[in-house]
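Please keep the sequence and the coordinates at hand while reading.

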Amino acid sequence: IRSSLERLLVDSPEWLDLRGHKFVCLGAGSEMGATRTLLSLGATVLAVELPGNKKAWDSLQGFARSSPGVLEAPVRDGRVGADVVEDLPEVAAWICENAGQASQRLVVGCFLYLDG
């Protein structure tokens with residue numbers, strides 16, 4: 001099965017070209033999340049991660065700069081990020097404002113978790 005899938009992907013590289021497609025990643029800094037994969041395939045990622053998670057934001061921004069994708073994030077009071085639990089209405093409004101045209105498909109992935 002694997003070799004058949006690999007042949008399909010080699011014969012259809014456009015399947016892996018996500019330029020022009022938007023995705024929302026809640027918990028964008030999660031190691032199990034799809035943010036980096038989506039960016040590496042050229043997608044625009046609306047990334048939501050905690051504002052105090054400097055390590056995650058630095059890593060995501062560095063990765064995005066070296067990828068064909070576009071990373072967008074909410075900024076409030078000069079700080080990048082948002083807390084989905086505490087700021088849900090604001091997060092939802094930001095996503096709606098940045099989602100693009102109503103006819104454009106928007107895929108939302110939730111990769112949130114609590115430490116511990």
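## Overall build

Two residues are in contact when they have heavy atoms within 4.5 Å. Among contacts in the protein chain between residues at least 6 apart in sequence, 58% join residues at least 24 apart. The model is a predicted one, and its C-alpha atoms fill a box of roughly 50 × 35 × 25 Å along the principal axes.

The secondary structure of the chain amounts to 4 helices and 6 strands, which follow one another along the sequence in the pattern α-β-α-β-α-β-β-β-α-β. Of the 116 residues, 32% are buried, while the accessible surface comes to about 7,800 Å², with 57% of that area belonging to carbon and sulfur atoms.

An open sheet of 4 strands, paired in parallel, has the order 3-2-1-6. Strand 3 (70–72) and strand 6 (106–110) stand at the edges with a single partner strand each, so one side of each is left without a neighbour in the sheet. Neighbouring strands of this sheet are turned by 20° against each other on average, with direction ignored.

Strand 1 and strand 6 pair in the parallel sense over 5 bridges, and Cys 25 has Gly 109 in strand 6 as its bridge partner. Helix 4 (residues 88–98) lies across strand 1, strand 2 (44–48), strand 3 and strand 6, and runs at about 170° to strand 2.

## Salt bridges

The structure holds 3 salt bridges. In one of them, Arg 19 and Asp 17 bring their closest N and O atoms to 2.5 Å; Arg 19 counts as exposed at 58% relative accessibility, whereas Asp 17, at 29%, counts as partly exposed.

Lys 54 and Asp 58, whose closest N and O atoms are 2.7 Å apart in their salt bridge, both lie in helix 3 (residues 54–65), 4 residues apart, or about one turn of the helix. The side chains of Arg 76 and Asp 87 also meet in a salt bridge, at 3.8 Å from N to O. Arg 76 lies in strand 4 (residues 75–76) and Asp 87 in the loop between strand 5 (79–80) and helix 4, so this pair ties together parts that are 11 residues apart in sequence. Asp 87 is buried because its relative accessible area of 15% falls under the 20% limit, while Arg 76 is partly exposed at 45%.

## A nonpolar surface patch

Leu 5, Leu 8, Trp 15 and Leu 16 make a nonpolar surface patch of about 390 Å². Within this group, Trp 15 has its place in the loop between helix 1 (2–11) and strand 1 (22–26), and is partly exposed, with a relative accessible area of 48%.

How values were computed:
Residues are numbered from 1 along each chain as its sequence is written. This is a predicted model: local features need pLDDT of at least 70, side-chain atom pairs count only at pLDDT 80 or more; totals for chains, interfaces and linings use all residues. Side-chain values use heavy atoms; hydrogens and water are left out. Patches are made of residues with over 30% relative accessible area and no salt bridge: like charges are joined within 9 Å, nonpolar side chains (Val, Leu, Ile, Met, Phe, Trp, Tyr) within 5 Å. Accessible areas come from the Shrake-Rupley method with a 1.4 Å probe; for residues, only the protein chains shown count as cover. A salt bridge is a side-chain nitrogen of Lys or Arg within 4 Å of a carboxyl oxygen of Asp or Glu. Helices (H or I, at least four residues) and strands (E, at least two) are DSSP runs, numbered from the N terminus. Buried means under 20% relative accessible area, exposed over 50%, partly exposed in between (1.4 Å probe, protein chains only). Two strands pair if DSSP finds at least two bridges between them. Axes are lines fitted to C-alpha atoms, for helices over the stretch in contact, and angles run from 0 to 180 degrees between N-to-C directions.
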